[in-house]
2 protein chains.
Amino acid sequence: MDNFIFHSPTEFIFGRGTQKEVGKTLKRYGAGKVMLVYGGGSAERSGLIKEVTDSLKAEGLDYVTLKGVKPNPEADLVYEGIAMAVKEGVTFMLAVGGGSVIDTAKAIAVGAVYSGDFWDFYCGKSTPSAALPIGVVLTIPAAGSEGSCKTVITKKDADGLHKISIGSELIRPRFAVMNPELTMSLPWFQTACGVADMLCHIFERYFSNTTAQLVNAYSEAIMRDIMDQALTLRVNPDDYEARADIMWAGTLAHNGLCGVGKEEDWSSHRLEHEVSAFYDVAHGAGLACIVPAWLLFVAKRNPDMAWKFAINVMSVNPQGFDTDHIIAAGISALKDFYHDIGLTTSLRELVGKEPDIEAMVKSLEYNMGPSLGKYVPLTMDDCREIYRLAL
Amino acid sequence: MDNFIFHSPTEFIFGRGTQKEVGKTLKRYGAGKVMLVYGGGSAERSGLIKEVTDSLKAEGLDYVTLKGVKPNPEADLVYEGIAMAVKEGVTFMLAVGGGSVIDTAKAIAVGAVYSGDFWDFYCGKSTPSAALPIGVVLTIPAAGSEGSCKTVITKKDADGLHKISIGSELIRPRFAVMNPELTMSLPWFQTACGVADMLCHIFERYFSNTTAQLVNAYSEAIMRDIMDQALTLRVNPDDYEARADIMWAGTLAHNGLCGVGKEEDWSSHRLEHEVSAFYDVAHGAGLACIVPAWLLFVAKRNPDMAWKFAINVMSVNPQGFDTDHIIAAGISALKDFYHDIGLTTSLRELVGKEPDIEAMVKSLEYNMGPSLGKYVPLTMDDCREIYRLAL
């Protein structure tokens, strides 16, 4: 176990009906003028936005509204939000939605108190030194952004599409309101993509060269439970216990708990970011294609954790089989799981055409440099091969 | 899963050499005048106190020292510390030690800013409304007090001995410095008692009537790892990885993670507090006697979790056996584990004489009222029976 700092100060307010108290929570956190950020139709149609704004009004909290966040959120809406925050004197961001909404709110939070272009932070020209505080009402368990210090934004410019992630303790939400009931009305595809995303947040920490018996043990327990409860939800999407487990697991997958003392490897996320930036597919759906291909590739050079994963997470019975067979069976079981929850593991099928691997590799190199990864360091040739394996 | 709030804002600074930076951390948290609280000889002899005070001096931090905390810490030293804190204008508490030292620092933290008697908080006459901030350098992984909002203090008065626990978010440490190397020099008995204590912090949350598949799954993983690494340390007390796992598990066992959404049952702790208050034995050693007796008693009325515990934690093979046999085998395996790490499971052997069960039951009733427990509610007659089973 390497030295580490674990600090997860977000207050998680979890359970039935909790969204109706968000005004009180904002008041407790000293909110003045609130910017309510959300996506659009479904949050309005379900009555959630009304519940939230009623709760704000009941506490006498003034607010402005920024709607229209889309999956793979783009810089344009961030600029709009920053302008609004400055003009309206916003002092507290409230994201009502999933990762895209929260990441947009985080970007506005750092941009609204910065004199330059917020993209400076994403392209590495500057580091945030202040941010508006952020609260969350979570509606999609997936990105883990409700408890993380990360944000991912996509920007188009003359050099192409750039989907970039940054991290800062300043943008970790102060609180996250999490009612599993709100997730029951999600289209199944979004539930499945969320499951694929949170699993991958654990994979990126689990596949590591650091010795970490305890962290691996509880990470494996969380991964097994996510898969088990996802299969329960496939049959009964209204199962509260399964919704609650998936929601809480999504937070634990990304608040740092599963990575303490470990060298992490975010290659699958990097590889996928190009896919969703180029083809505007859901991030989780892209991961279901990338992860098995990545694991197949890296396991040949570094079989240890792939072997453990097969046995301890995918329940492959190792008796009488050699390492290669065990690993292959583990990857096959993982692909079966993705198929069982309705996701394809074929990149070609996902994007509906022959993906432009060369363009994605070129963009990856532009964004990440000539290599990536720690569990197995990857050259751009390796990345090309992984995209091919994912076809 | 019940509704819950999970808030664990303590910053955990974990790993080799971290104690040498505690001055910088205190500075970062805005410490002015520090009160350094510790036990005595071993922390001085090992050079730890010098490392800590050197680190304070290097940052120009002024401090006063309160030493002499003993296991099952008593009110007398708390009064002394409160007087010193007021007189010296202390603004930050730094506990260097295990649970007893941290709990003493917590009691001083609330007492120093209260006009009345600090014991008012413990006997239920008042509730803390302010506290000095607290930092920790942990030397004994056991009580979990470094990440918890709890403190236990013992007071003698005309009515007898009172060992009472209270909780308040105000006394949750701001940071905890955790270097597993510092625990290598612990006498084996203290390591073993710490293991028994942290396991019990999970038991008190695990044995519950609330459905909690995910929380149970990761709790089981943590319990299995604690037992496995304790047996490793029994052979090789200097195994860094095992020390690190035990230290981190001790924190996770008591920062609330293993209890989210569950109805908890602290009966074993309540029952043991009388034992250690009456006979001044180590809390963990008392738990090793109480827990198997408690489990034997409650499993007859509520077998569900005892059955799960036997199979999922104690690795009892259920095939071909009925529930009663499986549970008995689980309890037997737990007792074997305590014996393997050098702890007795006999109360008579622990206290070295026939314990005065009637006096303990009387004191328990005085402190806790006529019943305790949730997994199985216990009358005082039940408690008497559990003490007898523990003999």
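Trainee: Is B:Gly352 buried or exposed?

Mentor: Buried means under 20% relative accessible area, exposed over 50%, and partly exposed in between, with a 1.4 Å probe and protein chains only. B:Gly352 has a relative accessible area of 65%, so it is exposed. The glycine sits in the loop between α14 (347-351) and α15 of chain B. Helices (H or I, at least four residues) and strands (E, at least two) are DSSP runs, numbered from the N terminus. The C-alpha atom of B:Gly352 is 49 Å from that of B:Arg28, and 324 residues separate the two along the chain.

Trainee: What should I keep in mind about the model and its numbering?

Mentor: This is a predicted model, in which local features need pLDDT of at least 70 and side-chain atom pairs count only at pLDDT 80 or more, while totals for chains, interfaces and linings use all residues. Residues are numbered from 1 along each chain as its sequence is written, chains are lettered from A and ligands numbered from 1 in the order in which they are written, and side-chain values use heavy atoms, with hydrogens and water left out.

Trainee: Where is B:Arg174, and what does B:Arg174 touch?

Mentor: Contact means heavy atoms within 4.5 Å. B:Arg174 is in the loop between β7 (160-167) and β8 (175-178) of chain B. Its relative accessibility is 39%, so B:Arg174 counts as partly exposed. Not counting residues up to four places away in sequence, B:Arg174 touches B:Pro9, B:Thr10, B:Glu11, B:Tyr29, B:Phe92, B:Pro133 and B:Ile134. The C-alpha atoms of B:Arg174 and B:Leu26 are separated by 9.6 Å, although the two are 148 residues apart along the chain.

Trainee: Which residues is A:Leu170 in contact with?

Mentor: Leaving aside neighbours within four places in sequence, A:Leu170 is in contact with A:Pro128, A:Ser129, A:Ala130 and A:Ala131. A:Leu170 lies in the loop between β7 (160-167) and β8 (175-178) of chain A. With a relative accessible area of 34%, A:Leu170 is partly exposed.

Trainee: What phi does A:Ser315 have?

Mentor: Most residues other than glycine have a negative phi. A:Ser315 has a positive phi of about 55° although it is not a glycine. A:Ser315 is in the loop between α12 (304-312) and α13 (323-340) of chain A, and a relative accessible area of 58% makes A:Ser315 exposed. In chain B, B:Ser315 also has a positive phi of about 55°. B:Ser315 counts as exposed at 57% relative accessibility.

Trainee: How do I read a helix pair?

Mentor: Axes are lines fitted to C-alpha atoms, for helices over the stretch in contact, and angles run from 0 to 180 degrees between N-to-C directions. Angles under 35 degrees count as roughly parallel, over 145 as roughly antiparallel, 65 to 115 as roughly perpendicular and the rest as oblique.

Trainee: At what angle do α7(B) and α13(B) pack?

Mentor: Helix α7 (residues 188-206) of chain B and helix α13 (residues 323-340) of chain B pack at about 155°, with their axes 11 Å apart. The two are therefore roughly antiparallel to each other. B:Val195, B:Ala196, B:Leu199 and B:Phe203 in α7(B) meet B:Leu334, B:Phe337 and B:Tyr338 in α13(B). By class, the contact has 7 nonpolar, no polar and no charged residues; Ala, Val, Leu, Ile, Met, Phe, Trp, Tyr, Cys and Pro count as nonpolar, Asp, Glu, Lys and Arg as charged, and the others, Gly among them, as polar.

Trainee: How many charged residues are in the contact of α10(B) with α15(B)?

Mentor: Helix α10 (residues 267-279) of chain B and helix α15 (residues 357-368) of chain B pack at about 120°, with their axes 10 Å apart. That angle makes α10(B) and α15(B) oblique to each other. The contact is made by residues including B:Arg270 and B:Glu274 of α10(B) and B:Met360 and B:Ser363 of α15(B). The contact has 8 nonpolar, 2 polar and 2 charged residues.

Trainee: How do the axes of α4(B) and α5(B) cross?

Mentor: The axes of helix α4 (residues 75-88) of chain B and helix α5 (residues 99-111) of chain B come within 9 Å and cross at roughly 50°. That makes α4(B) oblique to α5(B). Among the residues making the contact are B:Gly81 of α4(B) and B:Gly111 of α5(B). The contact divides into 6 nonpolar, 3 polar and no charged residues.
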